[in-house]
Amino acid sequence: MFVLELRCTVPLSTVDAHLPAHVAWLDELYEAGVVIASGRKNPRDGGVLIAVAPDRARVEEIVASDPFTRAGVCEYRVTEFCATRTAPALASYQERLPA
C-alpha cells in the first residue's frame, strides 16, 4: 500500500485550472480500485492519496499520469507501507509482513 502526498509547487490559482482533469483522473483510479481514499491537506498546500498497487514502479507510473504532474503544478512524495492492521471495513486490504 502507498501514501501519495502531493505538494503544490505553483500558486493555487494555477493548480485550480487543472483540478477538473485531476478529479477525472482520480475517478478512474477509484473505479479501478487503485485509490481507496484521497483529499486536500489542511492548510491547502497539496493533498494525500492512499493507493493500492502491486509495486512502486506501478505507483510511479500512476503519479506520472496525474494531470497535475503533467502540468508541472505539484510534486509527489511516495511512501510505501505494509498495512498489517486495518479497520474492519478495510479488512480486504490487510497485508502480511514479508518473511
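These legends describe close-up views of one predicted model. Residues are numbered from 1 along each chain as its sequence is written, and side-chain values use heavy atoms, with hydrogens and water left out. Local features need pLDDT of at least 70 and side-chain atom pairs count only at pLDDT 80 or more, while totals for chains, interfaces and linings use all residues.

**View 1. The largest pocket and its lining.** The largest pocket has a volume of about 260 Å³. Its lining holds 17 residues, and Leu19, His22, Arg40, Gly46 and Phe68 are the closest to the centre. (On a 1 Å grid over the protein atoms alone, a pocket is an open set of points where a 1.4 Å probe fits, with protein on both sides within 12 Å along at least five of seven lines; lining residues have an atom within 4 Å of a point. Points are joined across faces, edges and corners, and the volume is the space filled by probe spheres set on them.) At least two lining residues come from each of β1 (2-8), α1 (12-16), α2 (19-31), β2 (35-40) and β3 (46-51). (Helices, H or I with at least four residues, and strands, E with at least two, are DSSP runs numbered from the N terminus.) By class, the lining has ten nonpolar, five polar and two charged residues. (Ala, Val, Leu, Ile, Met, Phe, Trp, Tyr, Cys and Pro count as nonpolar; Asp, Glu, Lys and Arg as charged; the others, Gly among them, as polar.)

**View 2. The largest nonpolar core.** This core has 21 residues, and Leu4, Trp25, Leu49, Val59 and Tyr76 touch the most other members. (A nonpolar core is a set of buried Ala, Val, Leu, Ile, Met, Phe, Trp, Tyr and Cys residues joined through side-chain atoms within 4.5 Å; buried means under 20% relative accessible area, exposed over 50%, partly exposed in between, with a 1.4 Å probe and protein chains only.) β1, α2, β3, α3 (56-65) and β4 (74-80) each supply at least two residues of this core. Its largest share, four residues, comes from β1. In soluble globular proteins, nonpolar side chains tend to be buried together.

**View 3. The contacts of Leu49.** Beyond its neighbours within four places in sequence, Leu49 is in contact with several residues, including Leu4, Leu6, Trp25, Val35 and Tyr76. (Contact means heavy atoms within 4.5 Å.)

**View 4. Salt bridges between separate parts.** The structure holds seven salt bridges. (Each is a side-chain nitrogen of Lys or Arg within 4 Å of a carboxyl oxygen of Asp or Glu.) In one of them, Arg7 pairs with Glu75, with the closest N and O atoms 2.5 Å apart. Arg7 lies in strand β1 and Glu75 in strand β4, so this pair ties together parts 68 residues apart in sequence. Arg44 and Asp16 also form a salt bridge, at 2.4 Å from N to O. Arg44 sits in the loop between β2 and β3 and Asp16 in helix α1, so parts 28 residues apart in sequence are tied together. Arg44 is partly exposed, at 28% relative accessibility.

View 5. Arg56 forms a salt bridge with Glu60, and their closest N and O atoms are 3.4 Å apart. Both lie in helix α3, four residues apart, about one turn of the helix.

**View 6. Gly72 in its loop.** Gly72 is in the loop between α4 (67-71) and β4. Gly72 is partly exposed, with a relative accessible area of 41%. Not counting residues up to four places away in sequence, Gly72 touches Thr9 and Val10. The C-alpha atoms of Gly72 and Val10 are 8.4 Å apart, though the two are 62 residues apart along the chain.
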